[in-house]
Amino acid sequence: MEVTTCVPLEARKQLCLGTVDWEDDTIKIALFAGQSHGLSTSAYLATGESSGTGYSRLTVGSKTTTVDSSAGVVYLDCADQTWSSSTITADSCMLYDDTHSSDVALGIFDLGGSKSSSSGNFQIIMPTASATTGLIRLA
């Protein structure tokens, strides 16, 4: 099983076409265990999605888009995500546009191995929002 941390090609296309609106569309996050995703992943699919007590796909909040003209980068950010009082195992997550008719996959992130919660919080902490470390960066 190989998960590639990336912005899939279809997401790049849809962002450039303007059919995905990071700040106004409903963006969700899904957790996965043992499922391969990569550059060619075009949309959210439930195959391999995590399950367990307290798990559901979450709607992400506090979404921002920042243009850093000195670095020549646009970067996207959102709030950290927490599944409270949960029992979940996951090794990757996917951000996808639930407003878009095809649920376009916007970002796939390897969690660095299998992570679990047991009747506790499962949390995804987003990287610092900057031109070099932002969640999704387009240069």
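This is a predicted model: local features need pLDDT of at least 70, side-chain atom pairs count only at pLDDT 80 or more; totals for chains, interfaces and linings use all residues.
Residues are numbered from 1 along each chain as its sequence is written, and side-chain values use heavy atoms, with hydrogens and water left out.

First, the overall picture. The chain comes to 1 helix and 7 strands, running α-β-β-β-β-β-β-β from the N terminus. Helices here are DSSP runs of H or I with at least four residues, strands are runs of E with at least two, and both are numbered from the N terminus. The radius of gyration is 15 Å, close to the 14 Å from the globule rule for 139 residues, so the chain is as compact as a globular protein of that length. That radius is taken over C-alpha atoms, and the rule is 2.2 Å times the number of residues to the power 0.38. The C-alpha atoms fill a box of roughly 45 × 25 × 25 Å along the principal axes.

How much of the chain is buried? It's 43% of the 139 residues, where buried means under 20% relative accessible area, exposed over 50%, and partly exposed in between (1.4 Å probe, protein chains only). As for contacts (heavy atoms within 4.5 Å), of those between residues at least 6 apart in sequence, 73% join residues at least 24 apart.

Now back to the sheet. Three strands make an open sheet in the order E3-E4-E7, with antiparallel pairing. The edges are E3 (64-68) and E7 (136-138), each pairing on one side only. Neighbouring strands are turned by 20 degrees against each other on average, direction ignored; the axes are lines fitted to C-alpha atoms, and angles run from 0 to 180 degrees between N-to-C directions. As a reminder, strands of a sheet pair through backbone hydrogen bonds, either parallel or antiparallel. For us, two strands pair if DSSP finds at least two bridges between them.

E3 and E4 (residues 73-77) pair over 5 bridges, and Thr64 stands opposite Asp77. These two strands form a hairpin with 4 residues between them, and Gly72 in the turn has a positive phi of about 65 degrees. On E4's pairing with E7, there are 3 bridges, and Leu76 stands opposite Ile136. Of the 5 residues of E4, 4 are buried, so E4 is largely enclosed by the rest of the structure.

Next, Pro127, in the loop between E6 (105-124) and E7. Pro127 is partly exposed at 36% relative accessible area. Leaving out residues up to four places away in sequence, Pro127 touches Asp77, Thr133, Gly134 and Leu135.

A disulfide here is a pair of cysteine sulfur atoms within 2.5 Å. For Cys16, the closest cysteine sulfur is 15 Å off, in Cys6, again too far. So the count is 0 disulfides. The two also contrast in accessibility: Cys78 is buried at 3%, whereas Cys16 is exposed at 73%.
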